[in-house]
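Here's a quick briefing for anyone meeting this structure for the first time. Have a look at the sequence and the model, then read on.

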Amino acid sequence: MKRHPWIGASLTLPLLCSSPVWAVQLSDKNFGLDVKITAQSEDDRDLGTRDGGDVNGVGLDLRPWGYVQRGDWSAFAMGQAVTASDIIETDTLQSAELGDDGSSDDSREPDKSYLALREFWVGYGGLTAYPGEELRLGRQRLRSDDGMWRDTNIEALNWSFDTTLLRAHLGVAERFSEYRTDIDELAPEDEDRLHLFGDIASQWTPGHWVGLNAHHSRDDGDLKNPGEVVDELDKTSTGDLTWFGLQANSDAYNPRNTQPLNYWASATWLSGDRDRLTSTTVGNQRIATGQQSGDVNAWGTDLGLRLRLDPSWQVGAAYARGSGGGGNDGGENFQQTGLESNRSTYTGTRSRVHRFGEAFRGELSNLQAATLFGSWQLQDEYDASLVYHRFWRVDGDQPIGDSGITAAMPNDDKDVGQEVDVVVTKYFKQGLLPTAMSQAIDEPSALVRLRGGVFKPGDAYGSQADSTMHRAFVDVIWRY
């Protein structure tokens, strides 16, 4: 989708707030400026099978934001200005495939410097008498606690209901633009794709929640006809898919939770129909040969247990599985909604950790993952997590979906690999922000954070793959 001319102009006004003239005025709690400095080191996400794939550099990310409220009405906007020495990932919500396909088409090739609009929405909280209820319209942060259903900035109409005993969301979303000056096109999987979603959870006894999740994705895009050339921005699959999930947890994603034993458990069923493009390579071109159509019947689960040893130390284990198989059409391959980040506070600290590895960053599709972790926190000053992951394919003949590793799997071996992650955070001050900002701004304080992972590929990647790869970040965040 082409970026409209007005987008570049609309980015300018919010980002004026990042100038020194405005900095003094941002002390009011309804206006602010987030300053983020990120250093990134990444060693060959292609595992040595192609040229490139390394990242080493430092980036500066300025995010001015403003929030106003009058009566039942509210509005929020957050801009972004990034400059870096390399293509640095300063945003944990950024799509992993940006600049990752080796394409000569630069319409989705990120620049070292760019301007963006992260959020802009209007809210109304007068539909009911409950203070935790609000209807929002505009580009906004949609997020589920586990990060496995939703965690993204997207254009949406979203109704939220959040009380002590009942939580619910209902909404519709569709991505129309990336709202970045350097990105002209949507990712193929986002083009012409509508999302309908809802969830409800009840606290049936103090500290214990049960709930239902539902999500429907309607993709009206077109696949190339036989004989046509397929490029990197063409769709490779379409279809109508519906997810239905059951979940129970002990408020396990709340870092203020002091229960001695915490758990989470979820089961999700996926059904619908899916069309997949088939193609062949002729010379340097990829030529469409037809389509594979079939019904989808798949499932996924995520289970976890965390034990508090004392006020500072916790240990835990988790297991996740997304089904795989179904022959040529992959009808039993589970896939996630496409709005997920898979980041959450499952280790029990305030730091959000990737559920499937800071380096590997897997998607729950034809994948099973076993996880062991330990965490430590000292009041509101420090926290740390050490995590070990082991990954396998469920079906050795099927792909595993998106991940942070772009190397191909040339054989049917199920051993995907293993990884060790470390996330350590030092907090400097406690900032008081409006309650409505909790979805847009993850952290309520300034911090320095190291997050990184070392991935050791399994036999599925073949003997030509590198023995290890790493991805590491140091983030410094300060809020004015």
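## Rings, charges and a nonpolar patch

The structure holds 15 aromatic pairs, a pair being rings of Phe, Tyr and Trp (its six-membered ring) with centres within 6.5 Å, called stacked if the planes are under 30 degrees apart, edge-to-face if over 60 and tilted for the rest. There are also 26 salt bridges, each a side-chain nitrogen of Lys or Arg within 4 Å of a carboxyl oxygen of Asp or Glu.

Keep in mind that this is a predicted model, where local features need pLDDT of at least 70 and side-chain atom pairs count only at pLDDT 80 or more, while totals for chains, interfaces and linings use all residues. Residues are numbered from 1 along each chain as its sequence is written, and side-chain values use heavy atoms, with hydrogens and water left out.

**Aromatic rings**

- Trp159 and Phe161 make a stacked pair, because their ring centres are 5.8 Å apart and their planes sit at 25 degrees.
- Trp159 is partly exposed at 26% relative accessible area, whereas Phe161 is buried at 12%; buried means under 20%, exposed over 50% and partly exposed in between, using a 1.4 Å probe and protein chains only.
- Phe360 and Phe455 are stacked too, with centres 5.2 Å apart and planes at 20 degrees.
- That pair ties together parts 95 residues apart in sequence, because Phe360 lies in the loop between β16 (353-354) and β17 (367-378) and Phe455 in strand β20 (residues 445-457); strands are DSSP runs (E, at least two residues), numbered from the N terminus.
- Both Phe360 and Phe455 are buried.
- Tyr253, Trp264, Tyr346 and Phe373 come together as one aromatic cluster.

**Charges over rings**

- Arg167 lies over the face of Trp209, 3.9 Å from the ring centre; a charge sits over a ring if NZ of Lys or CZ of Arg is within 6 Å of the ring centre and within 35 degrees of the ring normal.
- Arg350 does likewise over the face of Tyr427, at 4.0 Å from the ring centre.

**Salt bridges**

- Side chains of opposite charge can pair when their charged atoms come close.
- Arg45 bridges to Glu42, with the closest N and O atoms 2.4 Å apart.
- Arg45 counts as buried at 13% relative accessibility, and Glu42 is buried at 2%.
- Arg150 meets Asp199 in a salt bridge at 2.6 Å, N to O.
- This pair links distant parts of the chain, 49 residues apart: Arg150 is in the loop between β5 (133-143) and β6 (151-162), and Asp199 is in strand β8 (residues 193-205).
- Arg150 and Asp199 are buried.
- Asp475 and Arg451 form a salt bridge at 2.8 Å, N to O, linking strand β21 with strand β20 across 24 residues.
- Asp475 is buried at 3% relative accessibility, and Arg451 at 4%.

**Nonpolar surface patch**

- A nonpolar patch of about 890 Å² has Ile37, Leu60, Tyr388 and Val422 among its residues; patch residues have over 30% relative accessible area and no salt bridge, with like charges joined within 9 Å and nonpolar side chains (Val, Leu, Ile, Met, Phe, Trp, Tyr) within 5 Å.
- Two or more residues of the patch come from each of β2 (55-70), β18 (382-393), β19 (415-430) and β21 (469-479).
- β19 gives the largest share, three residues.
- Leu60 is in strand β2 and is partly exposed at 32% relative accessibility.

Key: Areas by Shrake-Rupley, 256 points an atom, 1.4 Å probe, with all protein chains shown as cover. Helix = DSSP H or I, 4+ residues; strand = E, 2+ residues; numbered from the N terminus.
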